[in-house]
Amino acid sequence: MSRRISLTQYLVEQQRDHGRISPQLRLLLEVVARACKSIAISVNKGALGGVLGTAETENVQGEVQKKLDIIANEVLIEANEWGGALAAMASEEMDAIHVVPNRYPQGEYLLLFDPLDGSSNIDVNVSIGTIFSVLKKPGEQAGVSTEDFLQAGREQVAAGYCVYGPQTTLVITVGAGVAMFTLDREQGSWVLTEDQVRIPEDTKEFSINMSNVRHWDAPVKRYIDECLAGKEGPRGKDFNMRWIASMVADVHRILSRGGIFMYPWDKREPHKAGKLRLMYEANPMGFIVEQAGGAATNGRQRILDIAPEQLHQRVAVVLGSKNEVERVTAYHLDAAPQA
Ligand SMILES: O=P(O)(O)OC[C@H]1O[C@](O)(COP(=O)(O)O)[C@@H](O)[C@@H]1O
Ligand SMILES: [Mg+2]
Ligand SMILES: [Mg+2]
């Protein structure tokens with residue numbers, strides 16, 4: 001437990017006392033936090049709010065959209081477009097970038113988000129979340145293009161996620177460690193409940209969708225086989241497994257008690273680098289995990305060093321406790337290059 005301060009106080013300290021963020025970035029993070037609060041209210045209403053079920057539309061990735069995917073996307077756009085901190089936004093649920101309309105002041109930041117992560121869990125009342133990433137618009141020129149968004153993850157100036165679970169928790173980094181805030185529903189405010197979060201370097205818990213085992217590449221199979229062999233195997237210890245199928249919830253557990261999360265490349269759709277999206281899932285989570293002392297790779301390369309080529313690009317993800325991520329990465333690098 002740390003000092004009982006609000007998100008606003010925390011961000012003011014980051015701005016005023018440490019000079020880590022600009023007033024515009026502070027404003028932007030407060031607006032995102034407010035939008036998450038509003039999404040949390042819709043999530044909590046569930047069937048009573050008519051927010052469950054599918055919307056009978058598809059997003060750019062060809063996935064059927066849930067009503068909450070669309071609601072959360074609209075909440076984030078509406079909350080952020082008039083705030084003055086942003087030049088444009090990009091979302092899992094929108095094919096193209098959304099440039100802040102001329103009627104609003106233009107800011108210097110770019111916001112990317114997965115408005116609702118863990119969509120398959122919405123209707124079954126399991127934790128879901130929102131993931132976001134903030135970049136600075138490059139160059140001085142007026143206007144903004146998709147290319148402006150295609151920056152490596154190490155250029156992020158802030159990132160975060162909100163998990164809508166038994167508690168509503170907002171986790172953010174501005175590049176100076178990771179802070180967790182819990183929503184106080186009575187007060188309507190975010191209260192700092194954990195500062196300088198650290199992920200243990202070792203773990204005995206892995207997180208992967210085991211139903212895909214037959215499709216995995218050899219290094220992933222080797223790593224999981226060794227975990228499953230337990231005390232009698234080469235690792236000499238028993239491992240536990242958790243798979244929530246909401247990346248936000250799986251990553252949140254790893255930040256809370258360590259572990260390794262993997263959504264690797266697999267043979268089901270070999271032309272795709274992975275299932276998860278680089279710009280608004282892997283990059284923000286990679287930034288947060290590194291800031292908490294963990295590691296994040298695509299099996300071969302640090303996620304934050306990947307030069308993006310497309311807004312909705314997919315990527316393989318291995319993240320969490322440092323020593324385990326390094327082990328999986330070494331297994332990939334030892335093996336023959338992927339076919
Ligand atoms: O259903 P699977 O294959 O286990 O995939 C689960 C993964 O897909 C995701 O739900 C993808 O995110 P979206 O729900 O935002 O599309 C991740 O949160 C999760 O880790
Ligand atoms: Mg997602
Ligand atoms: Mg989503």
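This is a predicted model: local features need pLDDT of at least 70, side-chain atom pairs count only at pLDDT 80 or more; totals for chains, interfaces and linings use all residues.
Two strands count as a pair here when DSSP finds at least two bridges between them. The protein chain is assigned two domains, domain 1 (7-194) and domain 2 (205-334). Ligand 1 has a shell that takes at least three residues from each of these two domains.

**The eight-strand sheet**

- One open sheet has eight strands in the order β4-β3-β5-β6-β7-β8-β9-β10, and its pairing is mixed.
- At the edges of that sheet sit β4 (98-99) and β10 (189-194), each with pairing on one side only.
- Strands β3 (residues 86-91) and β5 (residues 109-117) run parallel and are joined by five bridges.
- Helix α3 (residues 67-81) lies across β3, β4, β5 and β6 (128-136). Relative to β5, α3 runs at about 155°.

- Strand β11 (residues 205-207) runs parallel to β13 (residues 260-263), with two bridges between them. Serine 207 is opposite phenylalanine 261 of β13.
- On to β17: four bridges link β13 and β17 in the antiparallel sense. Isoleucine 260 has glycine 320 in β17 as its bridge partner.
- β15 also pairs with β17 in the antiparallel sense, over three bridges.

**Around ligand 1**

- The residues surrounding ligand 1 are Glu92, Asp114, Asp117, Gly118, Ser119, Ser120, Asn209, Ala245, Ser246, Met247, Tyr263 and Lys275.
- Sorted by type, that shell comes to three nonpolar, five polar and four charged residues.

- The C-alpha centres of domain 1 and domain 2 lie 23 Å apart.
- The contact between them uses 36 residues from domain 1 and 29 residues from domain 2.
- On the domain 1 side, β5, β6, α4 (146-149), β7 (158-164) and β8 (168-173) each put in at least two residues.
- Of these contributions, the largest share is that of β6, with five residues.
- The side of domain 1 that touches domain 2 splits into 16 nonpolar, 16 polar and four charged residues.

- Most residues other than glycine have a negative phi, which makes the next two worth a look.
- Asparagine 125 isn't a glycine, yet it has a positive phi of about 60°. You'll find asparagine 125 in the loop between β5 and β6. Asparagine 125 counts as exposed because it has 11 C-beta neighbours inside 10 Å, and the cut-off for exposed is 12 or fewer.
- Glutamine 196 is the other non-glycine to check, with a positive phi of about 50°. Glutamine 196 sits in the loop between β10 and β11. With 12 C-beta neighbours inside 10 Å, glutamine 196 counts as exposed too.

**A closer look at glutamate 205**

- Glutamate 205 belongs to strand β11.
- Is glutamate 205 buried, exposed or partly exposed? Glutamate 205 is partly exposed, because 19 other C-beta atoms lie within 10 Å and a buried residue needs 20 or more.
- Leaving out residues up to four places away in sequence, glutamate 205 touches Phe239, Asn240, Arg242, Gly258 and Gly259.
- Arginine 300 is 95 residues from glutamate 205 along the chain, and their C-alpha atoms are separated by 21 Å.

Definitions and conventions: Residues are numbered from 1 along each chain as its sequence is written. Chains are lettered from A and ligands numbered from 1 in the order in which they are written. Two residues are in contact if their C-beta atoms, placed from the backbone, lie within 7 Å. Axes are lines fitted to C-alpha atoms, for helices over the stretch in contact, and angles run from 0 to 180 degrees between N-to-C directions. A residue is near a molecule or strand if its C-beta atom, placed from the backbone, lies within 6 Å of it. Ala, Val, Leu, Ile, Met, Phe, Trp, Tyr, Cys and Pro count as nonpolar, Asp, Glu, Lys and Arg as charged, and the others, Gly among them, as polar. Domain bounds come from an automatic or database domain assignment.
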